[in-house]
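Please read the following briefing alongside the sequence and the coordinates.

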Amino acid sequence: MTPATDSKTIDRKEFMKQVGISFGAIMLMNCLQSCGGGEIPDPDPNGNSDKVDFTLDLNSSTYNTLKNKGGFVVVKPQNIIVAHTNTDTFIAVSSICTHESATIDYRASTNDFLCPNHQSEFKADGSVQKGPATTALKKYSVSSDLTNNTVRIFE
Ligand code: FES
């Protein structure tokens, strides 16, 4: 007599292979659900992570020239020139000339910026006053607190 052939039998190796595939599929689905459906928290929910926003302490020897009208500093690594005008306000623009990337200077007597490389001139708001530069410097907002000797530069 021969054994009945209508019932399926699998050997131990085949059973383990099928269980392994099923387990792998379940684990993959769980991973995809948790990886794809989960929210990664935004480190800056206000979306300001790449915005300039810093405060200078004018009591610091690095920035104390800003206490005086006509004084200016170039802040690194942001590459922003901050100036104290003769009318006792503060202005800030990108310190990188839009012509060929030289570092610009502030001229208190005319309240503007001069590039020493090819003499481009920029107004206090960063717009081009004289070429060869044709593109304005980026202007930043400034608020000052002279009681605490701080100047905030932001956008
Ligand atoms: S690099 Fe400033 S004018 Fe040329």
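Two strands are said to pair if DSSP finds at least two bridges between them, and strands are themselves DSSP runs (E, at least two residues), numbered from the N terminus. In strand β3, the bridge partner of V74 is I81. This is a predicted model, in which local features need pLDDT of at least 70 and side-chain atom pairs count only at pLDDT 80 or more, whereas totals for chains, interfaces and linings use all residues. Residues are numbered from 1 along each chain as its sequence is written, and side-chain values use heavy atoms, with hydrogens and water left out.

**Confidence**
- The mean pLDDT, the predictor's confidence in each residue on a scale from 0 to 100, is 82 for the protein, and 68% of its residues reach 70 or more.
- Over residues 1-5 the pLDDT is below 50, and this stretch has zero contacts (heavy atoms within 4.5 Å) in the model beyond near neighbours in sequence.
- Residues 31-40 also have pLDDT below 50, and for this stretch the model shows three contacts beyond near neighbours in sequence.

**The six-stranded sheet**
- Six strands form an open sheet in the order β1-β10-β9-β4-β3-β2, and their pairing is antiparallel.
- The edge strands of this sheet are β1 and β2, each of which pairs on one side only.
- Neighbouring strands in this sheet are turned by 20° against each other on average, direction ignored, the axes being lines fitted to C-alpha atoms.
- Strands β2 and β3 run antiparallel and are joined by four bridges.

**The four-stranded sheet**
- Another open sheet has four strands in the order β5-β6-β7-β8, again with antiparallel pairing.
- Its edge strands are β5 (105-107) and β8 (128-130), each pairing on one side only, and the twist from one strand to the next averages 35°.
- Strand β5 pairs with β6 (residues 112-114) in the antiparallel sense over three bridges, and the bridge partner of R107 in β6 is D112.

**Nonpolar cores**
- A nonpolar core is a set of buried Ala, Val, Leu, Ile, Met, Phe, Trp, Tyr and Cys residues joined through side-chain atoms within 4.5 Å; the largest has 15 residues, of which L56, I80, V82 and I153 touch the most other members.
- The elements giving two or more residues to this core are β1 (53-57), β2 (72-75), β3 (80-84), β4 and β10 (150-154).
- Apart from this core lies another, of 14 residues, among them I81, A83, V93 and F113.
- Leaving aside neighbours within four places in sequence, the contacts of L56 include Y63, L66, V73, V75, V82 and I153.

**Residue S94**
- S94 is found in strand β4 (residues 90-94) and has a relative accessible area of 15%, so the residue counts as buried (under 20%, with exposed over 50% and partly exposed in between; 1.4 Å probe, protein chains only).
- Not counting residues up to four places away in sequence, S94 touches N79, I80, I81, I104, L137, K138 and Y140.
- The C-alpha atoms of S94 and K139 are separated by 6.6 Å, although the two residues are 45 residues apart along the chain.
- A polar atom of the S94 side chain lies 3.2 Å from the backbone nitrogen of I96.

Definitions and conventions: Polar contact = N/O pair within 3.5 Å; in protein donor to acceptor, adjacent residues only side chain to side chain. Axes fitted to C-alpha atoms, helices over the stretch in contact; angles between N-to-C directions.
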